[in-house]
Amino acid sequence: MTATVSDLYPTRGAQEVPVPRRDPVVWSRPGTPGPIGDTGLADYDRDGFLTVDRLLGPDEVALYRAELDRLIADPAVRADERSVVEPRSRDVRSVFEVHRISEVFAGLVRDPRVVGRARQILGSDVYVHQSRINVKPGFGASGFYWHSDFETWHAEDGLPRMRTVSVSIALTDNLDTNGGLMIMPGSHRTFLGCAGETPRDNYKRSLRTQEAGTPSDAALTGFAERHGVRLFTGPAGSATWFDCNCMHGSGNNITPYPRSNVFIVFNSVDNAAVEPFAAPARRPEFVGARDFTPVP
């Protein structure tokens with residue numbers, strides 16, 4: 001007999017409903033050792049994000065960038081269901097489950113500078129809920145509309161609690177013109193339950209264009225007026241850690257300069273996925289993992 005898990009964050013109903021956050025942001029106890037200092041943890045708790053300007057050195061950036069280039073040039077990878085291509089240019093946009101496809105990126109997941117911060121924020125061992133490389137080539141690569149990742153991961157993957165952290169590591173320079181990440185600081189304190197049902201196999205469309213789980217213009221205006229918008233820029237090798245419930249998005253890249261990054265989602269082993277809370281079926285495991293083995 002399967003135990004029922006309470007739905008603390010209802011979404012995909014008849015109306016859009018804001019709900020105050022019911023979970024901690026930082027789950028570890030004060031003074032817990034780790035790569036993030038007390039000030040950094042306090043900033044993360046307040047804003048929902050933390051930046052590290054030089055997480056990777058130039059040689060490391062070159063290694064991971066070369067591996068990214070190798071993967072997107074590989075016809076077998078391009079033909080794999082884990083790859084997403086741009087609708088217009090047919091360029092590879094994303095490759096999912098990259099830590100399973102590539103031992104080079106698997107090594108990055110295990111790097112203490114990376115997984116150590118996740119453990120410290122989430123206060124437990126962690127597993128990879130999702131990983132991908134994002135390739136935002138110049139001259140028209142499309143962005144992602146405003147959304148909360150947790151809204152999707154809760155509705156469609158069955159993550160019960162807000163005990164998940166993402167890290168985006170830049171493999172090219174993130175400029176203020178090439179479609180960088182934008183976050184509304186402090187927005188992680190409010191869950192926005194979105195209106196509308198989840199279509200079957202929604203992931204096939206949402207990996208290219210976010211529609212289900214998208215906030216209304218009125219809600220986004222209210223969030224922006226309360227929290228403002230922060231655009232993240234930085235050199236290759238920089239990283240941004242952000243809470244699963246941050247309202248974030250990115251614009252199109254119409255410059256000649258690509259914006260590529262590796263994106264890793266760590267979830268607490270104590271927050272393992274159950275059945276979806278607002279979708280007719282689970283998404284594939286390469287999008288939302290069902291292997292909860294801790295990262296060593």
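## Basis of the report

A residue is called buried when its relative accessible area is under 20%, exposed when it is over 50%, and partly exposed in between, with a 1.4 Å probe and protein chains only. Helices (H or I, at least four residues) and strands (E, at least two) are DSSP runs, numbered from the N terminus.

The structure is a predicted model, in which local features need pLDDT of at least 70 and side-chain atom pairs count only at pLDDT 80 or more, while totals for chains, interfaces and linings use all residues. Residues are numbered from 1 along each chain as its sequence is written, and side-chain values use heavy atoms, with hydrogens and water left out.

## Helix H9

Helix H9 spans residues 217-227, and its buried residues are Ala219, Leu220, Gly222 and Phe223. These residues lie on the same side of H9 because they cover an arc of only 160° around the axis; the arc is that of the directions from the helix axis to the C-beta atoms. An α-helix has 3.6 residues a turn, so residues three or four places apart point the same way.

The face turned away from the buried side of H9 carries the exposed residues Asp217, Ala218 and Glu225. The cover over the buried residues of H9 includes strands S6 (144-148), S9 (190-193) and S12 (247-250), where contact means heavy atoms within 4.5 Å. Just after H9, Gly228 has a positive phi of about 75°.

## Helix H1

Helix H1 covers residues 38-47, and Gly40, Leu41, Tyr44 and Asp47 are its buried residues. Seen down the axis of H1, they fall within an arc of 145°, so they line one face of the helix. On the other side of H1, the residues Asp38, Thr39 and Arg46 are exposed.

The buried residues of H1 pack against strand S2, helix H6 (112-122), strand S7 and strand S11. Just after H1, Gly48 takes a positive phi of about 95°.

## Cysteines

A disulfide is a covalent bond between the sulfur atoms of two cysteines. With the cut-off set at a pair of cysteine sulfur atoms within 2.5 Å, a search of the whole structure finds 0 disulfides.

For Cys244, the closest cysteine sulfur is that of Cys246, 8.2 Å away, which is too far for a bond. Cys244 counts as buried at 1% relative accessibility, and Cys246 counts as buried at 0%.

## The largest cavity

Rolling a probe the size of a water molecule over the atoms shows where empty space is left. On a 1 Å grid over the protein atoms alone, a cavity is a set of points where a 1.4 Å probe fits but cannot get out, whereas a pocket is an open set with protein on both sides within 12 Å along at least five of seven lines; lining residues have an atom within 4 Å of a point. Grid points are joined across faces, edges and corners, and a volume is the space filled by probe spheres set on the points.

The search of the whole structure finds 1 cavity of 30 Å³ or more. The largest cavity holds about 520 Å³ of space. Its lining has 30 residues, and those nearest its centre are Arg132, Asn134, Phe144, His147 and His248. Two or more lining residues come from each of strand S4 (92-96), strand S5 (126-136), S6, helix H7 (149-157), S12 and strand S13 (259-268). The largest share, 5 residues, comes from S5. The lining divides into 9 nonpolar, 14 polar and 7 charged residues. Here Ala, Val, Leu, Ile, Met, Phe, Trp, Tyr, Cys and Pro count as nonpolar, Asp, Glu, Lys and Arg as charged, and the others, Gly among them, as polar.

The largest pocket contains about 310 Å³ of space. It is lined by 20 residues, of which His99, Arg100, Val128, Thr293 and Val295 lie nearest its centre. Helix H4 (98-101), helix H5 (103-110) and S5 give two or more residues each to this lining, and the largest share, 5 residues, is from S5.

The second largest pocket contains about 200 Å³ of space. Of its 19 lining residues, Phe232, Thr233, Ser238, Ala239 and Thr240 are the closest to its centre. S7 gives the most to this lining, with 3 residues.

## Gly288

Gly288 is found in the segment after S13 and counts as buried at 4% relative accessibility. Gly288 and His129 are 159 residues apart in sequence, and their C-alpha atoms are 5.6 Å apart in space. Leaving aside residues up to four places away in sequence, Gly288 touches His129 and Asp157.
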